[in-house]
Amino acid sequence: MSEERAPEGNETDPFVAELASASRAEQPPAGAKARALAAVLPELEAVPAVAAHEAPPRLTLRRTLAPVLLVAVVLLGAAHLEHRREMAASAAAAAQQAAAAQAQLDRLTEDLRQQQATVARLQAAVASARDEATRAVAEQQLAEAKRQAATAAAGSSRTGARPTKPTCNCSPGDPLCSCIP
Amino acid sequence: MGALAIATSRSPTTRDGRLRAAVDAHYDVVWRFLRRMGVAEAGAEDAVQQVLLVFARKLDLVEPGAERSFLLGTALRVASDHRRQGARVREVADDGAVAREPSNLLDADEELDRRRARGVLDELLGQLADDLRTVFVMCDLEELTMSEVAGALGVPPGTVASRLRRARESFARLAAGERARRERGGRDE
């Protein structure tokens, strides 16, 4: 706590200085101190000395506040650690999901590539068929391969595709329509 | 050190001596503080005794060196009680003149001037807010340190400084108004 005197005031104003000086010159009546002591000393003897455990209020307040602050700091620290642990777990789960999705995408892409290679091979077989029976068999195999390639392509696009927006069936200018065109 | 102070202050002789020393050193300050806080001269002596009785009862709880802060903090509450009880009396310029007759004519003139100045001072102080008046009287009239005032009022020193600044501004305005009023009065005569 600062032991400094108050900074210089407005006593440079002669009027204020005169008032302050008049105040300081005022003295209590003669004999007032002696009368006060005579009145107060018996009270001092009547009051027993205060026990040492009756500490000043400021000290009591300090002693009360210290453990409260300590508990608050510990609780805040624990809450912070728990929050960090939850964030780390959530990040790990997200990374695991992303890796699984990538693996599935790779597998489907490979399937699609193989189907497309089969379709190309069968198209070549259809083009180079020497008789109608061979061509018919090749065309049947080609149709089956195209169907499988389409299925694989649909699976591959479903994995990484965004959900499609529902079509808006409202008539133009319908005030009850909730679709955003 | 604190424990030692409590232990030694509990011996009857030391307590007695401490009370006497406090009365001797601080009686005048407490008396003037009560006067500036609106306690009439006739009631000031009783008010100081109330303060000292509280001090005597709590003597062992007052840290050595903090007596003046404690006495003025108690005096503030006693003065407030006096005001609540309607004991505050606006004094006229010759209040208490009979109690202390000056020894000669020159002293009488000076004393009369001072008494008038104190009347003006009390009137101006009465127009300040209580918290500003308290800090102004403690710091600028009784010249207590900032830490003593902070201890007496139970507020941080920064609060004391801020109240003192506002109190000085308000008092300077009131004093300027009073001076202007006097000058106008002088010209009218």
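User: Before we start, what makes a stretch of this model count as a helix or a strand?
Analyst: A helix is a DSSP run of H or I with at least four residues, and a strand is a run of E with at least two. In this predicted model, chain A has 4 helices and 0 strands.

User: What order do the elements of chain A follow from the N terminus on?
Analyst: They run α-α-α-α.

User: How many of the residues of chain A count as buried?
Analyst: To be buried, a residue needs 20 or more other C-beta atoms within 10 Å of its own. Of the 181 residues of chain A, 8% count as buried.

User: How do you know which residues of α2(A) and α3(B) make their contact?
Analyst: Two residues are in contact if their C-beta atoms lie within 7 Å. Helix α2 (residues 32-46) of chain A packs against helix α3 (residues 41-57) of chain B at about 35°, with the axes 9 Å apart. The contact involves, among others, Ala36(A) and Val40(A) from α2(A), and Val48(B) and Leu52(B) from α3(B). The residues divide into 9 nonpolar, 1 polar and 3 charged.

User: At what angle do α6 and α7 of chain B pack?
Analyst: Helix α6 (residues 130-141) and helix α7 (residues 146-153) pack at about 145°, with their axes 10 Å apart. Their crossing is right-handed.

Definitions and conventions. Residues numbered from 1 in each chain as written. Chains lettered and ligands numbered in written order. Predicted model: local features only at pLDDT ≥ 70, side-chain atom pairs only at ≥ 80, totals over all residues. Buried ≥ 20, exposed ≤ 12 C-beta atoms within 10 Å, placed from the backbone. Axes fitted to C-alpha atoms, helices over the stretch in contact; angles between N-to-C directions. Nonpolar A, V, L, I, M, F, W, Y, C, P; charged D, E, K, R; others polar. Left-handed = near helix turned anticlockwise from the far one by under 90°.
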